[in-house]
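Q: Could you take me through some of the terms used for this structure, setting each value against its definition?

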Amino acid sequence: MGKIKLDEIDHQILDMLIDNTRIPFTDIAKKLLISAGTVHVRVKKMEESGIIRGSSLTLDYKKLGYSFIAYVGVFLNNTSQTKFVLERINNIPFVTVAHITTGKFNIFCKIRARSTEHAKEVIFMLDDIEGVYRTETMISLEESLNDKKRLMHSIFNEL
């Protein structure tokens, strides 16, 4: 499937939805001086083409008591164990992201925990998975950049 053609109105709609996925179409329409029906049709078109996949909610994990973030590189005994290990990782709710990677690690995970002690427990859970040779952990001191829009604007400028 080729690239989907988006115009400036589509870009502006996406821009507003990235800021707030719950913004009413009528509010978008008022800001863009178009009808709510037009917004609806364009969003539906972007959903059907796969550009928009669902919507998400951003949680403040710090307020929920999960401010500790660590990244864990997972080394496997054998790359053929990747699927098996990922299935086990999926059962650990504190692992919020897992990537199959090339380079140093076979799998790279992001974990959220309540404290260093809790993070240690999660890391030990990862270490205990059959097929995991060892792990290497990096503690996040601060999330300095988490910008959903910069890449989107760069992509739009290329179109």
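Q: Why is K149 called buried?
A: In this predicted model, K149 has a relative accessible area of 19%, and buried means under 20%, whereas exposed means over 50% and partly exposed lies in between, with a 1.4 Å probe and protein chains only, so K149 counts as buried.

Q: What joins the side chains of K149 and D19?
A: They are joined by a polar contact of 2.8 Å, the term standing for a pair of N or O atoms within 3.5 Å, where within protein one must be able to donate a hydrogen and the other to accept it, and residues adjacent in sequence count only if both atoms are side-chain atoms. Leaving aside neighbours within four places in sequence, K149 is in contact (heavy atoms within 4.5 Å) with D15, I18 and D19.

Q: What makes the pair of F75 and F105 edge-to-face?
A: A search of the whole structure finds 4 aromatic pairs. In the pair of F75 and F105, the ring centres are 5.2 Å apart and the planes stand at 65 degrees; rings of Phe, Tyr and Trp (its six-membered ring) pair if their centres lie within 6.5 Å, and planes under 30 degrees apart count as stacked, over 60 as edge-to-face and the rest as tilted, so this pair is edge-to-face.

Local features need pLDDT of at least 70, side-chain atom pairs count only at pLDDT 80 or more, and totals for chains, interfaces and linings use all residues.

Q: Which residues form one aromatic cluster, and are F75 and F105 buried or exposed?
A: The cluster is formed by Y71, F75, F105 and F108, and both F75 and F105 are buried.

Definitions and conventions: Residues are numbered from 1 along each chain as its sequence is written. Side-chain values use heavy atoms; hydrogens and water are left out.
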